[in-house]
Amino acid sequence: MSSTLVSCVRSRAPTTSASSCRCGSDLQLQHLSIREFRNLSAGEVHFGPRFTVLHGHNGAGKTNVLEALYLVATLRSFRSADFSPLVRQGQSEARVEITGLDARVGISSRLVVQLIRSERQTRRVAQADGKLVRSGLDFYGRLRAILFTPEDLGVLRGAPTGRRQFLDRVLFARERTHISDVQDYEKLLRSRNRVLRDEEGSPRTRDDLLATYEVGLAEVGGRIWTRRSRLLTDLHDRFAAAFAGIHGRSLPATVQYVSKVGALDGRVAQEVLADALRDSRRHDLVRGTTTVGPHRDDFDMQLGEQTASNFASQGQARALILAFKIAELQAARELTGEAPLLLLDDVSSELDPERSAQLFTALVREAGQCVLTTTAPHFIGLEPGQDCRYIKVTGGRIEASGAAPSNGP
Ligand SMILES: Nc1ncnc2c1ncn2[C@@H]1O[C@H](COP(=O)(O)OP(=O)(O)OP(=O)(O)O)[C@@H](O)[C@H]1O
Ligand SMILES: [Mg+2]
């Protein structure tokens, strides 16, 4: 590890003024306790103020630890829409508890998520400081986290649905109301599509119903469209710079939001969408589905002049997505004055040693607290010490280890 890197690790990442905080302060994660979660029957992690590296063989349970942290941050899993697979086989209840410190006021906070499996369903129960929190909206944002998983790489090459979800996940962490807007939009869309397919009613009633749903879709969809395109505009320059930092300047990276109804360019999204929905009504009746709106939008990442999805190598694809995450982190820190918790799953595989070192230089500079997993801890390039803890995970057990292993997981 270079001496510059070591000295960077020693100093805390820069933060902007705490007075610019808009949605509460970030918790400094101190402790995690897990019971009957995935393959982890019981385990604890004590976190340092900066890097915690979870290392171990394939299938050991490293990603499961990140999933547990993500569950507390978002009340969701990044691997399953259903909570049932998160509860350890043969058990009926999983429990994840974190303790964190609100550094600005010096007060500790305890967040607990329980997953209770019955025959019919698995439900979640969330508690903050011993009090039950019924609404997800009241729980989100207490522990803010930015996640990178290898599945994010599929975003670049996969279907547009994955890219829209990728943007929405970023927005969920920035604006709580985005979650309810996305849910409301999906409901309205299903209703409009049902009417489009219904051949029983009179054309007049059908048109009235469609017009009603279009008002709602334009209003909620306009907000979704505006947030997503603003997000990419906000992140663009940081993303381009972060990519150049990891990969070099030979191929500039760009990203832009793509909507079927064109760029917003100062137009009011709600009005543009209302017109587009009305104009496409006849066409949609023939197709039996709604063909315009944010549920059909996409984003386009480019490397040089080429669309990255069919041009970028595996390593370049990884660098693009990681650059996006770094941009997200910088923007979040600017917004609240604190860097959110960064969760990086299997971060450096597929990066050559030079790119990997550049990535870690960027992380040391930009990240606040960061939990990462790897099967190859010798690639991590962070010295063990107060700022970087190495923790071994073996066959569903979490054990602290003193020094960074020299080779192998
Ligand atoms: N509900 C469950 N009950 C028991 N074990 C489970 C459950 N869900 C998943 N597992 C086990 O958890 C293990 C996977 O853990 P995880 O994905 O955290 O591994 P990992 O250490 O990240 O591995 P890799 O390096 O391959 O990514 C698998 O062995 C899987 O069988
Ligand atoms: Mg894993």
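Modeller: The lining of that second largest cavity holds six nonpolar residues, one charged residue and no polar ones (Ala, Val, Leu, Ile, Met, Phe, Trp, Tyr, Cys and Pro count as nonpolar, Asp, Glu, Lys and Arg as charged, the others, Gly among them, as polar). This is a predicted model, where local features need pLDDT of at least 70 and side-chain atom pairs pLDDT 80 or more, while totals for chains, interfaces and linings use all residues. Residues are numbered from 1 along each chain as its sequence is written, chains are lettered from A and ligands numbered from 1 in the order written, and side-chain values use heavy atoms, without hydrogens or water.

You can find the lining at Leu322, Lys325, Ile326, Leu342, Leu344, Leu359 and Leu363. A cavity is a set of points on a 1 Å grid over the protein atoms alone where a 1.4 Å probe fits but cannot get out, and lining residues have an atom within 4 Å of a point. The volume here is about 30 Å³, counted as the space filled by probe spheres set on the points, which are joined across faces, edges and corners.

H11 gives the most, with three.

H11 also supplies at least two residues to the lining of the largest cavity, which has about 60 Å³ of space. There, H5 has the largest share, three residues.

Terms used: On a 1 Å grid over the protein atoms alone, a cavity is a set of points where a 1.4 Å probe fits but cannot get out, and a pocket is an open set with protein on both sides within 12 Å along at least five of seven lines; lining residues have an atom within 4 Å of a point. Helices (H or I, at least four residues) and strands (E, at least two) are DSSP runs, numbered from the N terminus.
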